[in-house]
Amino acid sequence: MSVHSDQSPTGLATPTGPTVTVLGLGPMGRALAGAFLDAGVRTTVWNRTPGRDADLTARGALPAASPEEAVAASDLTVVCVVNYDASDAVLRQDAVTTALKGRTAVNLSADTPERARDTAAWADRHGIRYLDGAIMTPAPTIGTADAVFLFSGPQDLYGEHQPVLAALGGSHTHLGEDPGRAAAYDIALLDIFWTAMGGYAHAVAVARAEGVTARELAPFAEGIAAILPPLFTEFAGDIDDGTYSGELNPITSAASTMAHIVHASEAHGIDAGLMRVIEGQARRVIAQGHGGDGFSRVVELLGRS
Ligand code: NDP
């Protein structure tokens with residue numbers, strides 16, 4: 001993508017291509033702005049704390065003195081701050097709201113589906129065209145084939161801005177018109193990530209107590225993690241169809257393994273609270289008469305509690 005310039009009567013270049021503003025220059029906001037610049041998009045940047053735009057302005061980004069000035073500079077504003085308290089603090093200032101009227105804002109900050117829907121309703125009340133989004137990969141992936149973006153909100157608005165958003169690289173998926181849907185996926189996927197990371201931290205603590213270093217465990221940890229992706233697909237079928245097959249690994253066997261982890265951890269004085277919770281869920285499934293089912297039946301238990 002490249003920006004075309006015409007000469008204005010003043011002799012200054014007037015961009016006729018797409019224009020983007022990025023509000024928020026943390027690691028992710030800087031990566032987004034950098035990808036737009038690399039794609040030749042005229043990019044205006046603003047951050048609450050001054051001075052975070054130095055590398056970007058050296059690469060051609062236009063610094064704005066205020067968020068309202070930043071928003072007024074472009075057709076499309078991408079917001080990427082820590083959460084929706086922060087994006088509200090920026091967007092809901094009267095001058096910014098006024099400047100955004102009739103323009104499009106895409107909020108790529110992370111928060112809950114409820115906050116995304118609330119922001120979409122606020123935008124609608126103020127004549128602001130609004131898309132919500134979530135970024136599922138770390139900052140260094142932005143602008144590469146590895147980036148993963150999720151979007152939700154009006155389909156036609158997504159279609160209108162997709163050619164510019166494509167500058168961010170990777171895969172882009174529009175999940176539907178409900179503005180909370182991207183955040184719903186984000187929450188679910190981060191749930192997997194952070195509980196797995198919590199399990200990893202616990203596993204390494206127990207392994208170290210047994211004299212096994214994190215480096216020694218790493219290749220086998222990778223192996224156990226590799227078992228999960230096909231299980232997600234297999235479990236999805238079980239869960240959506242309500243079959244909960246435990247033919248090859250009934251939850252009675254899984255609960256027994258979990259008890260070993262609890263005992264081994266606590267023998268070393270290591271908190272086993274997370275595993276106790278999971279074992280407790282498995283035991284409740286068994287107590288309900290479903291001991292022959294697979295671990296996936298825990299989803300049913302949680303959904304009903
Ligand atoms: P942070 O989540 O730490 O957010 C930092 C940004 O938020 C800074 O620009 C900061 O401004 C701004 N901010 C915080 N509070 C306010 C406020 N009250 N008003 C205005 N601005 C505020 O850094 P990231 O850039 O990494 O993340 C941004 C978003 O992207 C987050 O929602 C994160 O979950 C998401 N994300 C990040 C990934 C990553 O790899 N970094 C991966 C996937 C998603 P200031 O400089 O003034 O403090």
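The structure is a predicted model, in which local features require pLDDT of at least 70 and side-chain atom pairs count only at pLDDT 80 or more, whereas totals for chains, interfaces and linings use all residues. Residues are numbered from 1 along each chain as its sequence is written, and side-chain values use heavy atoms, with hydrogens and water left out.

The secondary structure of the protein chain comprises 12 helices and 10 strands, taken as DSSP runs numbered from the N terminus (helices, H or I, at least four residues; strands, E, at least two). The C-alpha atoms fill a box of roughly 80 × 40 × 30 Å along the principal axes. Of the 305 residues, 40% are buried; buried denotes under 20% relative accessible area, exposed over 50%, and partly exposed in between (1.4 Å probe, protein chains only). Among contacts (heavy atoms within 4.5 Å) with a separation of 6 or more, 62% involve residues 24 or more positions apart.

Pro 113, Ala 116, Thr 119, Ala 120, Trp 122 and Ala 123 of α6 are buried, and their cover includes α4 (84–91), α5 (94–100), β8 (129–135) and α8. Just after α6, Gly 127 adopts a positive phi of about 70 degrees.

Arg 115, also located in α6, is partly exposed at 22% relative accessibility. Beyond residues up to four places away in sequence, Arg 115 touches Tyr 84, Asp 85 and Asp 88. Its side chain makes a polar contact of 3.0 Å with that of Asp 88, a polar contact being a pair of N or O atoms within 3.5 Å; within protein, one must be able to donate a hydrogen and the other to accept it, and residues adjacent in sequence count only if both atoms are side-chain atoms. In helix α4, Ser 87 is buried, with a relative accessible area of 0%, and its side chain forms a polar contact of 3.2 Å with that of Asn 107.

The whole structure contains 10 salt bridges, each defined by a side-chain nitrogen of Lys or Arg within 4 Å of a carboxyl oxygen of Asp or Glu. One of them joins Asp 178 and Arg 117 (2.9 Å, N to O). This pair links distant parts of the chain, 61 residues apart, with Asp 178 in the loop between β10 (171–174) and α8, and Arg 117 in α6. Glu 279 and Arg 283 form another, at 2.9 Å; both lie in helix α11, four residues apart. Glu 279 is buried at 12% relative accessibility, whereas Arg 283 is partly exposed at 37%. Salt bridges with shared partners also join Asp 85, Asp 88, Arg 92, Arg 115 and Asp 118 into one network.

On the surface, Tyr 185, Leu 189, Ile 192, Leu 228 and Phe 232 form a nonpolar patch with about 430 Å² of accessible area together. The elements giving two or more residues are α8 (181–209) and α9 (214–241), with the largest share, three residues, from α8. Patches consist of residues with over 30% relative accessible area and no salt bridge, like charges being joined within 9 Å and nonpolar side chains (Val, Leu, Ile, Met, Phe, Trp, Tyr) within 5 Å.

Technical notes: Areas by Shrake-Rupley, 256 points an atom, 1.4 Å probe, with all protein chains shown as cover.
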